[in-house]
Amino acid sequence: MKLNPTLRSLLVAGTCWLGVIGTAGAWTLEEAAKPYAGTTVDVVFLLRPGYEAAEAMLPEFEEKTGIKINIIKHPYENALGEQVRDFVANGDLDIALIDLVWIGNFAENDWLLPISEFTSNPELADPDLDIDDFFPLVLNAFGGWNGEVYGLPFDNYSGLLFYNECMLKDAGFDGPPGTWSELKDTYGPALTKDGKYAFALQSKRNETQSADSFARVLWPFGGSFLDDDFKSNLMSAESQAGLKFRQDLMQYMPEGIVAYDHAEAVNALAQGDVAMLTEWSAFYSTLKSPDTSKVADCLKIAPEPSGPAGRKPALGGFSLAVAAQADEKERAASWLFIQWVTSKANALEYLERGGVPARQSVYEQDGVAEKYDFVPALVESWQDGVPEFRPRFAEWPEITEIVQEWGSKIMLGEVSTEEGAEELGKRMEAVLEEAGYYSGEKPLAQ
Amino acid sequence: MPVNASSGTIRRSTILAFLGPSVVTLLVIGIGPLLYAVWTSLHYFNLTKLKKVKFIGMENYASVLTDSVFWEALGRTFLLLVISLPIQLAIGLGIALLLHQPGVGFLKTLTRLSLVLPMATTYAVVGLLGQVMFNLKYGVVNQLIGFVGFDPVNWIGDPTNAFIAITFWDIWQWTPFVALVLLAGLTTVPSEIEEAAKLETKRWFTVLRYVQLPFLIPALTAVLILRTADTLKLFDMVFTMTRGGPGSSTELISLMIQRVGFRSFDQGLASAQAIILLIITIILSQLYIRLLYKEV
């Protein structure tokens, strides 16, 4: 879904106007935060490097503003449930941490405030906010819903191909595969031997199965979850080609790949047990650090391989938005924090500490691309991703459970790709019908 | 204690004063949520669609009863029950009989204490331990079977092996409980009868069958009811160990209910599943009581 152009122009104009005012009135975070000193802001953080990076930066913000940021840590799998329960119960959370696929759900339930509430307030809006500096695809996908911007991108990922250059060279390859077919047909047999495997596709039965495994083979082969009428597209020749490809590729993956989550897959590459892995850019610091990776010196990064329909890399990550349930002071304090932690000025430090900012300007700085191997591939991926890589509508939490169940059954060979896709499609359409997409009650937006 | 002087009976107000707090507490923390679950089960009630909550009668129950995934999960749960419970009973009874033997007091005390450890370990921690110990590459279980010449087994990543692993883990954690309850049951056997029986026959099984077992019936019934209820609601250990996977191979009924209620957020459907599970548990408990107590 694209941002409403009028809204975008207003946002840009507003930001520029604020820039002019700011120059004259010298907007500072300290001054803006004065009325909110002593306010505590509650936010959910994940157990990932990008969140540790933000946490390490926090003392500076708290010192400047007197605002206390109370971090509640959850593993990814619990983050949605914890937040939904908190919002339903009108709880304490002041900031929503929004995955790509939660934004429709959160926005439709009126749990979020649009950022225009704050960007239109010169006392709260940083003149250097520069909304256009965010990668448009990322801002659109993670922060926008139905023509409104709710969240600012925070610790965003693109799927990348991490590979062990040493293993590839030993097998006679000069570089990584450019296409999925090449990966399977050429690299697969050559690299799968002596207890080592060519590739790992993390496929545990949770969001990993839906996002990192199932969707990853749909899009590059031209498939998708839904067609234009919101009917299942999983029985199309393209979707089936992708799913069958995954089945064929499994012979070059470690045993029990259906039980691999991110941690196991990253560990397999880090220990030198697999040669290639498609994984979120967020795991770069884990794989590159000699403390956590045996192959740090051999690690190289490339964009995900292409399929017949193009590259279509996985798109993941989050945005931070002010929760509607927060009181006036908490709302303002939350916005100041979100604006600060995602700011252009802090992007480099955030990157250096292990986060992945979605600011274009930081990747244009001298030396950044050379220092961080993943940058060129990441920037390339964010030019042409698929925002609806996983549909972002409110029904995704129900649909992802269906994908996880039947996607796993397909991988395990309990059902064929056709049987699995048919059943999955039937159940997916039942959810969408109940939601009112087919009766016209809801617009076909994903 | 205020007693009615004429009849010698305890006054109604005294009874109410003693029982009242317990009954109120039970109503608030037990019956109240149960009634709320019944109410929820009769509604379309999705946490992320609270604007759409509506009364739908028995629709949720119809959906549950016609959903093959529900029956598969229930079947899996009963399979775990019928495999693990007899093994727990057999090993537990063996341990109880050994500890019931006279002599070696210090060793018996040590064994009794060590039997408490698996039970005292939090379910979720047991599951996390299992996840590490059954790891294909680095797990201690594969290291051990490697010492006796077996190839590493893909415990968590293979559907059948994952089910075997959670069954083994459940047996490990709960056999001590069975042993301790049966040991307590054995202490109710009058020692003179036991000694007399042992003078009559040298066959331990005869003593067990005709002397000890009748005294063990109440303990056995308690074990059967508690372990059946525990297995039907077994969640934490499996959730942390396999999360119901791979595929659906270890998705027990409680994991399914949690998935529907807290990951798909369909509280109405999940409540209907939970109510059906409750009814099944009550029926089984009644069956145990009628069948076993009949023999006493």
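**Figure 1. Domains of chain B in the predicted model.** The domain assignment of chain B gives domain 1, residues 1–41, and domain 2, residues 59–293. The structure shown is a predicted model. Taken over C-alpha atoms, the centres of domain 1 of chain B and domain 2 of chain B are separated by 33 Å. Four residues from domain 1 of chain B and eight residues from domain 2 of chain B make up the contact. On the side of domain 1 of chain B that touches domain 2 of chain B there are two nonpolar and two polar residues, and no charged residues.

**Figure 2. Overall trace of chain B.** Chain B has twelve helices and two strands. From the N terminus on, the elements run α-β-β-α-α-α-α-α-α-α-α-α-α-α. The C-alpha trace of chain B spans about 80 × 75 × 30 Å along its principal axes. Of the 296 residues in chain B, 32% are buried. Among contacts in chain B with a separation of 6 or more, 66% are between residues 24 or more positions apart.

**Figure 3. Contact between chain A and chain B.** Chain A gives 22 residues to the contact and chain B gives 20 residues. On the side of chain A that touches chain B, helix 4 and helix 19 of chain A each supply at least two residues. Helix 19 of chain A provides the largest share of that side, seven residues. By class, the side of chain A that touches chain B comprises eight nonpolar, six polar and eight charged residues.

**Figure 4. Domains of chain A.** Both domains of chain A are assigned in two segments: domain 1 covers 5–156 + 317–381, and domain 2 covers 158–314 + 392–435. The centres of domain 1 of chain A and domain 2 of chain A, taken over C-alpha atoms, are separated by 29 Å. In the contact, 20 residues of domain 1 of chain A meet 18 residues of domain 2 of chain A. On the side of domain 1 of chain A that touches domain 2 of chain A, the elements giving two or more residues are helix 3 (49–65), helix 4 (76–88), helix 5 (103–108) and helix 18 (375–381) of chain A. That side of domain 1 of chain A has nine nonpolar, five polar and six charged residues.

**Figure 5. Nonpolar cores.** The largest nonpolar core has 180 residues, of which Ile95(A), Ala96(A), Phe199(A), Ala200(A), Leu269(A), Leu336(A) and Phe337(A) touch the most other members. Phe337(A), leaving aside its neighbours within four places in sequence, is in contact with Val41(A), Phe61(A), Ile67(A) and Ile69(A). Another core, of 14 residues, lies apart from the largest one; among its members are Ala96(B), Trp174(B), Ala179(B) and Val223(B). In soluble globular proteins, nonpolar side chains tend to be buried together.

**Figure 6. Helix 10 of chain A and its surroundings.** Helix 10 of chain A, residues 207–218, has twelve residues and reaches 15 Å from its first C-alpha to its last, close to the 16 Å expected at 1.5 Å a residue. The helix is mostly covered, with twelve of its twelve residues buried.

**Figure 7. Helix 20 of chain A, with one side buried.** Helix 20 of chain A, residues 417–435, has 19 residues and reaches 27 Å from its first C-alpha to its last, close to the 27 Å expected at 1.5 Å a residue. Its buried residues are Thr417(A), Gly420(A), Ala421(A), Leu424(A), Gly425(A), Met428(A), Leu432(A) and Ala435(A). They cover an arc of only 125° around the axis, and therefore lie on the same side of helix 20 of chain A. Ala430(A) and Glu433(A), on the other side of the helix, are exposed. The buried residues of helix 20 of chain A pack against helix 11 (237–249) and helix 19 (396–412) of chain A.

**Figure 8. The segment after helix 20 of chain A.** Just after helix 20 of chain A, Gly436(A) takes a positive phi of about 100°. Ala445(A) has its place in the segment after this helix. Ala445(A) is partly exposed, because 15 other C-beta atoms lie within 10 Å. Ala445(A) and Gly104(A) are 341 residues apart in sequence, and 9.2 Å apart in space from C-alpha to C-alpha.

Conventions
Residues numbered from 1 in each chain as written. Chains lettered and ligands numbered in written order. Predicted model: local features only at pLDDT ≥ 70, side-chain atom pairs only at ≥ 80, totals over all residues. Helix = DSSP H or I, 4+ residues; strand = E, 2+ residues; numbered from the N terminus. Expected span 1.5 Å × (residues − 1). Buried ≥ 20, exposed ≤ 12 C-beta atoms within 10 Å, placed from the backbone. Arc of directions from axis to C-beta. Contact = placed C-beta atoms within 7 Å. Core = buried A, V, L, I, M, F, W, Y, C linked by C-beta atoms within 7 Å. Domains from an automatic or database assignment. Nonpolar A, V, L, I, M, F, W, Y, C, P; charged D, E, K, R; others polar.
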